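Look at the structure first, then read the points below.

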Amino acid sequence: MSLLLPESGLLLWMLLAFGIVFAILAKYGFPVITQMVAKRKEYIDQSLQAAKTANEQLQRLQSEGDAILAKAREEQARILKEAKETGERIVSDAREKAQAEGNRMLHEVQAQIKEEKDEAIRDIRRQVAILSVNIAEKVIREKLDTNEKQMTMIERMLDEINNESCQ
Amino acid sequence: MRKILFILSLIGWWMSAMAQEKVDVGGIVIGHVEDSYEWHITTWNDTEVSIPLPVMVWSGATGFHCFSSSHLYPAGTEHEGLRIATEGRHKGKIVEGDVRPFDFSITKTVSGLLINCLLLLAIILTTARWYRHRQPNENAPRGFVGLIEMTVMMIEDDVIKPCVGPDYKRFSPYLLTAFFFILTNNLMGLVPIFPGGANVTGNIAVTLVLAVCTFVAVNLFGTREYWKEILWPEVPLMLKCPLPLMPLIELFGIFTKPFALTVRLFANILAGHFIILAITSIIFVTAAMGPAISGSMTVLSVAFSVFMNSLELLVAFIQSYVFTMLSAVFIGMSRAKSEGEQEHRE
């Protein structure tokens, strides 16, 4: 029966021992452990969050990089195309210019040729005139080597002039 | 395995050859689980080998006494007018004449209790000290500190948090202390040699104090809703108005809860000690029945002892877990909020 009856001395000791143990552990024991675990948990949560953000950032950077790359490719293509166009334009311009120049030169040459031809023709005409005058002089000189002939001639000429003036 | 069995039966054989007198199993068992003024270790050739413990007594008539308990043994020896009663109402306790003085001696249970408390403090404070120079971003502890941390967090996360409710932080040091206190004492009680083996949690005074602590925690921090549920529960008016039947039952319930806690822990641990001691005693009981029976029963007894000790390891944990859980549940119930408040909170 004594097993079922609490001893007052033991009650006292138990109260004292448990109270002291509780006081010490409640102050220096368990809160330290649980706080540390809570802090660690928080740290892990933060780390996870940070890792997630970093991952997202990385992904964003990657997609941004891809976008930049695509844009660069496009730009490259555009520049190449433009360069090609410019080149073509330059070539065609040059060609046109060359053609125009050629045409111009041709015209000039033609004009010059024409002028020279005209000159030549004029020259020839002059020569021909001089020649014909000379020839005519010679012919006339030969035909009119006698006085009678000269007189006949003068008379006929005067008749002709008279006829003309009468008319 | 076979060798072990052979050695065990040889021991039984030898015991039967040595057996001279009838063994008082009841006396052995009760003697081991009861409190005593000295820490008995063994009896060697009729010489008691035991550690004497300080006796501290205060009596109204002769004042304060403090001396070694070795003066009082063998039982009945009188010292400074005090002796250990050998019969009567105070059998096994110190009496002065026939009167029981106020006795706060360091008995076997008290010394076991103190040793276990020191052990518990050492364990938890070592663990807490581990964190002192560490940052939360360092590695989690391994080994012993890791084990303690894991156990602490298991109790806090799986028992205290769900049972107590939102303001569990306030009660968690007490509940954790209770858990580890009971667990340490239970486990130390299973160690058969000094400094273990004291039947601390199998003593009703110890469990009573623990239950009273829970009782205080429950009722001191009880909310208005909790007291309203007790004094004016929501039952038909007839059950509470002329004759306060339900309030009486509820009031009674306040006291049955810690009583149940007291008895559950005490009875479980005491029964475990009883069974292990009784099974061990089989060896000595059967020693007188001849070599064959003695040998085989020794083997059986050791096998049973191994089984029971394993079971008691489990019980040691379960009982501390159950005590903590029920305390947490009772505290949680006393923190009850009225439904309006709860909705407001949510």
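**Pocket and chain A**

Seven residues, the largest share of the lining of the second largest pocket, come from α1(A). This is a predicted model: local features need pLDDT of at least 70, side-chain atom pairs count only at pLDDT 80 or more, and totals for chains, interfaces and linings use all residues. Residues are numbered from 1 along each chain as its sequence is written, chains are lettered from A and ligands numbered from 1 in the order written, and side-chain values use heavy atoms, without hydrogens and water.

**Pocket**
- The second largest pocket has a volume of about 270 Å³.
- A pocket is an open set of points on a 1 Å grid over the protein atoms alone, where a 1.4 Å probe fits, with protein on both sides within 12 Å along at least five of seven lines; lining residues have an atom within 4 Å of a point.
- A volume is the space filled by probe spheres set on the points, which are joined across faces, edges and corners.
- Its lining counts 15 residues, and A:Thr34, A:Ala38, B:Glu156, B:Tyr168 and B:Lys169 lie nearest the centre.
- At least two lining residues each come from α1 (8–143) of chain A and from α4 (143–164) and α5 (172–190) of chain B.

**Shape of chain A**
- Chain A has two helices and zero strands (DSSP runs: H or I, at least four residues; E, at least two; numbered from the N terminus).
- The C-alpha trace of chain A spans about 205 × 30 × 25 Å along its principal axes.

**Burial**
- Of the 167 residues of chain A, 11% are buried (under 20% relative accessible area, 1.4 Å probe, protein chains only).

Methods:
Buried means under 20% relative accessible area, exposed over 50%, partly exposed in between (1.4 Å probe, protein chains only).
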